[in-house]
Amino acid sequence: MSRHRNPATPVRLDFALDRNSPVPLYYQLAQQLEHAIEHGALGPGSLLGNEIEFAGRLGLSRPTVRQAIQSLVDKGLLVRRRGIGTQVVHSQVKRPLELSSLYDDLEAAGQNPATRVLRNEVQPASAEVAAALGLAEGGDVHHIERLRLAHGQPVAFLSNHVPAGLLDLGTARLEATGLYRMMRAVGITLHSARQSVSARGATAQEAERLDEHEGAALLTMRRTAYDDTGRAVEYGTHIYRASRYAFEFQLLVRP
């Protein structure tokens, strides 16, 4: 007998709600639901059941449950389907703004990362790539393009240029792990990076790749990564689905 849960069966999870806390109950519930979605306890397609049953099981009022659910509907994590109920659409990846691999971050968050390599070739460096990597224009660079998925759904399109001969960039290996993990495995110590983040609408080709509509909001990132000797080892231009991805960072007050 299969042990896999039928996604049409409403999921029953335990939530620890503190009724003595100054934090509103709807917000506590929304945060715990979001955590369950992000960490895979509520996977894409999971049903929460109807609001009346859900509220009764938690001992909450229906308006409280409705407000919690609506906040996640507004974030694009849940959807209300007539005749079906409230259903998980997908989780949003929250990535720390630091020098880390998207693959490692997705794996740590329980997002079941996967990769499709769309291009893997050595080509002459353009002026932009040469300047970023400190190479002569027209010199050989390894260019790889990958589609990164989480729970089987596209999250990001990654275009990376790496100095030719730096390491073996076999397609099978690229589809099995992350680029930075491959660098660490051959003794390259990543030390720092120069990075810029922006946003724009998706082109028709980008929308098709990322399963979005043309003009959908995308986050963009340009990064040059350096090893502990100061050598540029990677130049990346990446695009992320804003509906599925966010940068997260902590701000400190300067004394």
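In this predicted model, strand β8 contributes the most to the lining of the largest pocket, with four residues. The elements that each supply at least two residues of this lining are β8 (190-201), α8 (204-210), β9 (217-227) and β10 (232-241). The pocket has a volume of about 240 Å³. Its lining consists of 16 residues, and Arg200, Arg222, Thr237, His238 and Ile239 lie nearest the centre. Divided by class, the lining of the largest pocket comprises seven polar, five charged and four nonpolar residues.

Asp211 is not a glycine, yet its phi is positive, at about 60 degrees.

A separate topic is the packing of the helices. Two packed helices are described by the angle between their axes and the distance between the axes.

| Helix pair | Angle between axes | Distance between axes |
|---|---|---|
| α2 (residues 51-58) and α3 (residues 62-74) | about 110 degrees | 9 Å |
| α1 (residues 25-38) and α3 | roughly 45 degrees | within 8 Å |

Angles of 65 to 115 degrees count as roughly perpendicular, and α2 and α3 are therefore roughly perpendicular to each other. The crossing in which α2 passes α3 is right-handed. On the α2 side, the contact is made by Glu51, Ile52, Phe54 and Ala55, which meet Arg62, Val65, Arg66 and Ile69 of α3. By class, the contact of α2 with α3 has five nonpolar and three charged residues, and no polar ones.

The axes of α1 and α3 cross at roughly 45 degrees, and the two helices are therefore oblique to each other. The crossing of α1 and α3 is also right-handed. From α1, the residues Leu25, Tyr26, Leu29, Ala30, Leu33, Glu34 and Ile37 take part, and they meet Thr64, Val65, Gln67, Ala68, Ser71 and Leu72 in α3. The contact of α1 with α3 divides into nine nonpolar, three polar and one charged residue.

Val65 of α3 takes part in both contacts: it is listed among the residues that meet α2 and among those that meet α1.

Key. Residues numbered from 1 in each chain as written. Predicted model: local features only at pLDDT ≥ 70, side-chain atom pairs only at ≥ 80, totals over all residues. Heavy atoms only, no water. Axes fitted to C-alpha atoms, helices over the stretch in contact; angles between N-to-C directions. Parallel < 35°, antiparallel > 145°, perpendicular 65-115°, else oblique. Left-handed = near helix turned anticlockwise from the far one by under 90°. Contact = heavy atoms within 4.5 Å. Nonpolar A, V, L, I, M, F, W, Y, C, P; charged D, E, K, R; others polar. 1 Å grid on protein atoms, 1.4 Å probe; cavity = no way out; pocket = protein on both sides within 12 Å on 5 of 7 lines; lining within 4 Å. Points joined across faces, edges and corners; volume = space filled by probe spheres on them.
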